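Please open the model in your viewer and keep the selection panel at hand.

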Amino acid sequence: MSVLHRLRLFFVLLGSGFLILGQSTFAVEDSNPALLTMSSIGDAKIGRTIFDKECSKCHTTIQNQHKKGASLYGIFGKKSGQIVGYEKTSQEMKEAAIIWNTKNLDLFIERPSQLIKDQKMKYKGISDQKSRKDLIAYLASIK
Ligand code: HEC
């Protein structure tokens, strides 16, 4: 094989390598919603500081440790109003029966009553979208 031939082969192989790499990255993200959440939604580390500042007065992220609000351990992917051992859940929260996915958490954290009317969380909400995304990434990481 001539040098030119080898060089050409090298670049062809390199190119297809990138192609495969690119496709498999997509495949992993598409088939794994948790990964998608973590990578493309927000920064969980920043989210933790937001949680401490905004939510920790009433919630912990420790399993079964409830305050005025329920423990938010493993909340991502759960159905609303079903937290075991938390007695203060409102009828409205139970009847809403929504899944705490990215979309619903985002709406709820932005302004709790816009998603579930007459629920009992007395909280004004977070208007900054980036902060909500970071906070959701943090919540999704606790399980
Ligand atoms: C002043 C106290 C208070 C603050 C601050 C607060 N919450 Fe709550 N939260 C509650 C109460 C009380 C409920 C129960 C509401 C109900 O059942 O109607 C609740 C419910 C929830 C639920 C639904 C849980 C379920 O039963 O499915 C989520 C999710 C939640 N809070 C997230 C947050 C997040 C995230 C923050 C911070 C941005 C926050 N809360 C701040 C008191 C609070």
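The stops below each name something to select and describe what is found there.

**Before starting.** This is a predicted model, in which local features need pLDDT of at least 70, side-chain atom pairs count only at pLDDT 80 or more, and totals for chains, interfaces and linings use all residues. Residues are numbered from 1 along each chain as its sequence is written.

**Stop 1: the whole chain.** Display the protein chain as a cartoon. Seven helices and zero strands are present, where helices (H or I, at least four residues) and strands (E, at least two) are DSSP runs numbered from the N terminus. Of the 143 residues in the protein chain, 22% are buried. A residue is called buried if 20 or more other C-beta atoms lie within 10 Å of its own, exposed if 12 or fewer, and partly exposed in between, with C-beta atoms placed from the backbone. Among contacts in the protein chain with a separation of 6 or more, 47% join residues 24 or more positions apart; two residues are in contact if their C-beta atoms, placed from the backbone, lie within 7 Å.

**Stop 2: helices H3 and H7.** Select residues 44-54 for H3 and residues 129-141 for H7. How are H3 and H7 oriented to each other? Their axes are 7 Å apart and the packing angle is about 95 degrees, so the two helices are roughly perpendicular. Axes are lines fitted to C-alpha atoms, for helices over the stretch in contact, and angles run from 0 to 180 degrees between N-to-C directions. Angles under 35 degrees count as roughly parallel, over 145 as roughly antiparallel, 65 to 115 as roughly perpendicular and the rest as oblique. On the H3 side, the contact includes Ile50 and Phe51; on the H7 side, it includes Leu135 and Tyr138.

**Stop 3: the nonpolar core.** Now show Phe51, Leu105, Leu135, Ile136, Tyr138, Leu139 and Ala140, the residues with the most contacts inside the largest nonpolar core, which has 17 residues. Such a core is a set of buried Ala, Val, Leu, Ile, Met, Phe, Trp, Tyr and Cys residues joined through C-beta atoms within 7 Å. H3, H5 and H7 each supply at least two of its residues, and H7 gives the largest share, six residues. In soluble globular proteins, nonpolar side chains tend to be buried together.

**Stop 4: Leu139.** Centre the view on Leu139, which is found in helix H7. Leu139 counts as buried because it has 27 C-beta neighbours inside 10 Å. Leaving aside neighbours within four places in sequence, Leu139 is in contact with Leu72, Ile75, Phe76 and Leu105. Leu105, with residues up to four places away in sequence not counted, touches Trp100, Ile136 and Leu139.

**Stop 5: the ligand.** Select the ligand and the 28 residues that surround it; the closest are Cys55, Cys58, Gly69, Ser90 and Lys120. Here, a residue is near a molecule if its C-beta atom, placed from the backbone, lies within 6 Å of it. Helix H4 (91-96) and helix H5 (102-110) each supply at least two residues of this shell.

**Stop 6: two loop residues.** Finish with Asn64, in the loop between H3 and H4, and Asp118, in the loop between H6 (112-115) and H7. Phi of Asn64 is near 65 degrees, a positive value in a residue other than glycine. Asp118 also has a positive phi, of about 65 degrees, and is not a glycine. Is Asp118 buried or exposed? Asp118 is exposed, because 9 other C-beta atoms lie within 10 Å.
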